[in-house]
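Please consider the arrangement of the strands and the surroundings of the ligand in the model below.

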Amino acid sequence: MSSTSAVGRIGLAPMEGVIDVITRDLLTARGGFDWVVTEFVRVTDTRLPPRVFHRLCPELAAGAATPSGTPVHLQLLGSNPEKLGDNARHAAELGAPCIDMNFGCPAKTVNRHDGGASLLQTPRRVEAAVAGVHRALEGSGIPVTAKLRLGFEDKRLAVDCARAAEAGGAASLVVHARTRREGYRPPAHWRWVRRIRQRVGIDTVVNGDIWTLEEYQRARAISGCRHVMLGRAALADPLLAARIHHWQATGEVLPATRWQDRCAILEEYARRAGRAVPDKVVVSLLKQWLNIMRQHDREAGERFVELRRIRELTPFLTALGAPLVAQAEDTPPPRQPA
Ligand SMILES: Cc1cc2nc3c(=O)[nH]c(=O)nc-3n(C[C@H](O)[C@H](O)[C@H](O)COP(=O)(O)O)c2cc1C
C-alpha cells in the first residue's frame, strides 16, 4: 500500500452561515466524516457568555458530538492571546473536545478588526494566539488546532505561519491551499501544502477544491497529506465523504450521487430549518445550498435556473423534486399499453 492510499481521516469544514447544526447532523449521518468544526466564534475583548457557544455549537448540550457520534470541534477567531485563552478555557468547560483557531477568514470586516487571515502577515502573532489558547488548556487534555490559508497577499510566509502555529502548541493544522487574496478561485495549491507538511512535525490536513474521489486522490498524492477536509464539496455532493470512505475500505468506486439523493437531503434540511426560521429564510438557505451544488453539477445548475425566482417554500420544494422542465420536454411520452 502506498503512503497515499493509507486510510485517511476526513473532516467537515467550518462554513459560516452555511454549515450549521442541522447541516452537520444531515451530512455526518451519511457517514464518512471523522470530525466537524463549528462556524467561528468571534473573540474580541470579553469572556463570552455560554449562550454564544451554545448558539453556534448546540451539540455542546449533547456531548459535543453530532447524533451520529462525530465529534464537533469548536472554532475561535480572534487575535488577543489572553482573551482567546480565556474563551477557549470556557468552551472547554462547556464540553468542547478540541479548540480550532481560524487564521483563514478573508472577510474585510473581520480582517480590519484583526482576525482571521490578517494574522498571517505576522507569524509571531499566529504563534502568540495559538500559545494563548494552548496555555489556557494546559492539563485539560483538550488540544488546540489551527486552520490556515497559505498567506494574506502572497505565499512567502506560508511555512513560517505553519511553523509558528506548531511552535504555539497546535496539535495539527488544516491548510486551505490558497491565500486570502486568491479567495476561493481555483486552483488550490496542494503542492504548497506539501512544502508545509515537510517542514512541520505535526499532522497537516489538506483542504481546498476537493470535489470528487479523483481530486481526493490527487490532493493526497500531491500534498502528501493523509487527512483531508471537505467544505463546499460536502454540500455539493453530500455522499462524497461516504464514497471516499467506502473506496478506502474496499477499493470499490461507487456510482455518482443521484439527484434524488441530493434532493432528499435538501428536503430534510427544509423540514428541519422550517421549525426554526420563516419559510422565506428557508428558501434562501436552500438557494444558497443549491448555488454551491451547481458549481460542480450540471443538473443542480439547471435546477437553480428554474428555481431561483421562486420565493415561497411549497412551490420551491415541489419544483425541486419534479422532473426538470427541459428533461420532461425531451422525454418521449410513455407508451400506451397495447
Ligand atoms: C461560505 C463560507 C463560509 C466559511 N466559513 C468559514 C469559517 O467559519 N471558518 C473557517 O475556518 N473557514 C471557513 N470557510 C472556509 C472553508 O472552511 C474552507 O477552508 C474553504 O471553503 C475551502 O475548502 P473547499 O474548497 O473544500 O470548500 C468558509 C468558506 C465558505 C465558502
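The model is predicted: local features require pLDDT of at least 70, side-chain atom pairs count only at pLDDT 80 or more, and totals for chains, interfaces and linings use all residues. Residues are numbered from 1 along each chain as its sequence is written, and side-chain values use heavy atoms, with hydrogens and water left out.

An unreviewed UniProt entry carries the annotation "domain: DUS-like FMN-binding" for residues 12–296; such annotations may be inferred rather than shown by experiment. Over this range the chain is 45% helix and 16% strand, where helices (H or I, at least four residues) and strands (E, at least two) are DSSP runs numbered from the N terminus.

Strand β4 (residues 99–103) is largely enclosed by the rest of the structure, because five of its five residues are buried, that is, under 20% relative accessible area with a 1.4 Å probe and protein chains only. Ile-99, Met-101 and Phe-103 point one way, Asp-100 and Asn-102 the other. β4 runs parallel to β3 (residues 72–77), with three bridges, and parallel to β5 (residues 144–151), with five; pairing requires at least two DSSP bridges. Ile-99 stands opposite Leu-74 and has Val-144 as its bridge partner in β5.

The ligand is surrounded by 18 residues, the closest being Pro-14, Glu-16, Gln-75, Asn-207 and Arg-232; the criterion is a heavy atom within 4 Å. A polar backbone atom of Glu-16 lies 2.7 Å from a ligand nitrogen atom, and one of Gly-231 lies 2.9 Å from a ligand oxygen atom.

Note on methods: Buried means under 20% relative accessible area, exposed over 50%, partly exposed in between (1.4 Å probe, protein chains only). A polar contact is a pair of N or O atoms within 3.5 Å; within protein, one must be able to donate a hydrogen and the other to accept it, and residues adjacent in sequence count only if both atoms are side-chain atoms.
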